[in-house]
Each structure stands twice: as structure tokens, then as C-alpha cells.
Amino acid sequence: MTRKIKIIAGAALLLVVAAAVCYWQVLRFADSPLAINQEKIFTLPAGTGRVALEAQLESQHIIAPSPWFGALLKLKPELAKFKAGTYRLETGMSVRQMLTLLASGKEAQFPVRFTEGTRLQDVLRELRNAPWVKHTLKDDRPETAAAALKLKEGERLEGWLWPDTWLYTANTTDVALLQRAHQRMKSEVDAIWQNRMADLPYKTPDELVTMASIIEKETAVSEERTKVASVFINRLRTGMRLQTDPTVIYGMGDKYNGALTRKDLETPSAYNTYTINGLPPGPIALPGKASLEAAAHPVKSNYLYFVADGKGGHTFTTNLASHNRAVQAWRMTMKEKNER
């Protein structure tokens with residue numbers, strides 16, 4: 001072998017060794033963990049190229065500066081097909097896993113909770129405080145939300161949102177989330193309405209939802225809901241007024257300060273069931289499925305009254321004398337608790 005051939009062979013060997021070392025370094029970089037020590041939400045703007053992505057990752061201290069990032073994208077072109085969006089980067093995630101995520105387009109999901117027993121204005125406030133929601137409603141008035149959903153004449157939004165934890169991606173609009181919850185509620189109510197018990201004193205699904213919203217506000221004890229429903233249905237059938245405090249509170253709006261007075265109970269309003277006959281004109285809160293089912297399938301009973309028992313539940317009675325005794329028992333229980 002001549003000296004020239006030896007030099008060429010040696011150079012070729014060096015190139016092979018160098019290429020192998022570089023390849024190993026690239027793979028090592030790909031499998032190295034991100035430089036984050038806690039979960040990070042990362043937004044990749046539309047039109048971001050390879051160089052801009054690397055600069056963005058470095059400026060946000062997601063990866064350390066490295067000569068191997070560009071090489072990795074060239075060596076593994078499938079990792080360079082990243083998509084715009086907002087992603088959740090987790091601790092322990094490797095550079096390869098991050099790029100695979102960015103290429104998948106599987107954006108981060110964020111939760112917003114619509115809670116049973118809350119009013120529409122509470123839901124709108126919750127949406128306003130949700131950090132990744134795109135806010136398009138100009139204010140938090142129920143009327144504004146109803147108009148944005150383009151409800152038909154006579155349709156309500158109060159009480160007509162399905163209570164659940166709703167997941168959404170960044171920049172989902174507030175109206176889109178409301179629309180999803182509204183459509184789900186309509187679907188659920190339609191199914192419950194079609195399968196309701198016969199001869200209930202409801203003329204429309206909205207009246208069933210109204211009753212369910214009252215049940216939701218009156219008890220959090222699941223096994224009591226059908227009994228509470230029976231009390232109010234028995235009252236409707238006998239012509240008694242419902243006389244339920246939550247409707248009065250709803251009708252008072254911002255005037256309610258946390259305590260009801262006798263004057264409050266005697267002050268007429270469309271929702272004061274101490275002064276009006278029958279159901280109030282609409283729901284007073286978001287009812288959950290259990291309350292909707294209770295309104296549609298109340299237990300058969302002769303109950304006309306119920307009062308808190310001081311232990312988290314209620315005492316149900318069929319006549320005023322028994323009810324008054326239950327009220328006295330509740331007062332004694334509360335007095336004993338306060339004296340401890």
C-alpha cells in the first residue's frame with residue numbers, strides 16, 4: 001500500500017469515526033431530558049421554522065443551547081413536521097418526545113368546571129377567569145351570553161348548561177364552550193323528558209329543569225332528592241305554594257346578603273314561591289343529572305314538608321303538626337351545637 005493510499009484510508013476512517021461520533025451525539029441529545037423542572041405550557045406560533053423553534057426553546061429555557069438540535073431535525077425529518085399550537089411539556093420528557101408531541105398536533109387540554117347548583121352568572125365568571133379561553137363575550141350578563149348562542153324565542157340559558165368539567169384547547173372561545181354545554185343539556189333533558197313518570201305536573205321540559213334546579217339547591221344528599229321532588233310535586237298537585245327559600249334568593253339577585261328575613265319572604269317577585277302559585281318562571285341554577293332524574297321520577301309519598309335535621313339531611317313529614325315538631329327538633333339540635 002502506497003503512502004498516498006494509506007493517507008486516504010486513514011482520512012476515510014477518521015471521517016467514519018467522526019460521523020459515528022456525531023450520530024451518537026445527536027441520538028444522545030435526542031434522548032436527553034428537557035431543561036425544565038416543572039410542567040410547562042409551550043405555545044408554538046403558526047409559521048415557526050426550525051431555526052425559530054430552536055431559538056424559542058432556548059429562550060424559554062426548555063432546552064440548553066446545543067449544536068445538535070438542527071442536526072437532529074435533519075437526521076430525523078419526521079420530527080421536523082411540528083404543528084402550531086399550545087402544548088403541555090412535562091418533566092422528564094426527552095427532546096425526542098417533545099418534538100414527537102409537537103409533530104402530533106395533540107395540544108394541551110385545559111379544564112373549566114360548570115358546577116351543579118351554580119347560576120349562569122357564576123358560569124360566565126368562571127369562563128372569564130379561565131386563562132386559556134378566548135374571551136369574545138363583551139360582558140358577563142346572562143342576556144349577552146343568550147344572544148351570543150342565538151337562542152330561539154322562549155329558550156332559556158339559565159339552568160340549561162350541562163354541569164361537568166369541560167376540557168378545551170387554548171383559544172377555544174367562551175361561546176364555543178357554552179354551546180357545547182348547552183347542547184349536551186338539551187340532549188340529556190330530552191332523553192329524561194321522554195322517559196319521565198306519567199302524570200307529572202310539568203307542561204314542558206323547561207318546567208322539569210326548573211323543578212330539578214330547585215331540588216339541586218335544596219339538598220346535596222343523593223338519596224333525598226326523590227323525596228324532595230315528591231314534596232314539591234305533592235304541593236303542586238294540591239295547590240299549595242312551594243315556599244322554597246332558594247327561589248326567593250334567586251329572585252333577590254345581588255340584594256341577597258347571606259340571610260333571609262321575614263320581609264324577604266313577604267316581598268313579591270316572580271321567583272318568590274312564598275307569594276306566587278306554582279313553579280317560578282324558570283330554572284334557578286344548573287341541575288345535575290341526579291336532580292333531573294329525581295324531578296322526572298319522584299318517589300311516591302304523602303310528604304308535604306321537610307326541614308333540615310341538623311345532621312346534614314332533612315326530616316320529611318306529611319302534616320303541619322309533625323313539621324312543627326321537626327322544626328323544634330332542628331332548633332334544639334342547632335342550640336346544642338352552638339353551646340358546645
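The lining of the largest pocket is made up of 19 nonpolar, eight polar and 10 charged residues (nonpolar: Ala, Val, Leu, Ile, Met, Phe, Trp, Tyr, Cys and Pro; charged: Asp, Glu, Lys and Arg; polar: the others, Gly among them). The model is predicted, with local features needing pLDDT of at least 70 and side-chain atom pairs pLDDT 80 or more, while totals for chains, interfaces and linings use all residues. Residues are numbered from 1 along each chain as its sequence is written, and side-chain values use heavy atoms, without hydrogens and water.

A pocket here is an open set of points on a 1 Å grid over the protein atoms alone, where a 1.4 Å probe fits, with protein on both sides within 12 Å along at least five of seven lines; lining residues have an atom within 4 Å of a point. The largest pocket holds about 1200 Å³ of space, taken as the space filled by probe spheres set on points joined across faces, edges and corners. Its 37 lining residues include Gln243, Thr244, Asp245, Leu265 and Tyr274, the closest to its centre. Helix H13 contributes the most to this lining, six residues (helices are DSSP runs of H or I, at least four residues, and strands of E, at least two, numbered from the N terminus). Because domain 2 (109–190) and domain 3 (202–339) both supply lining residues, the largest pocket lies between them; the domain bounds come from an automatic or database assignment.

Turning to the strands, S1 (residues 40–44) and S2 pair in the antiparallel sense over five bridges, where pairing requires at least two DSSP bridges. Lys40 has Leu89 as its bridge partner in S2.
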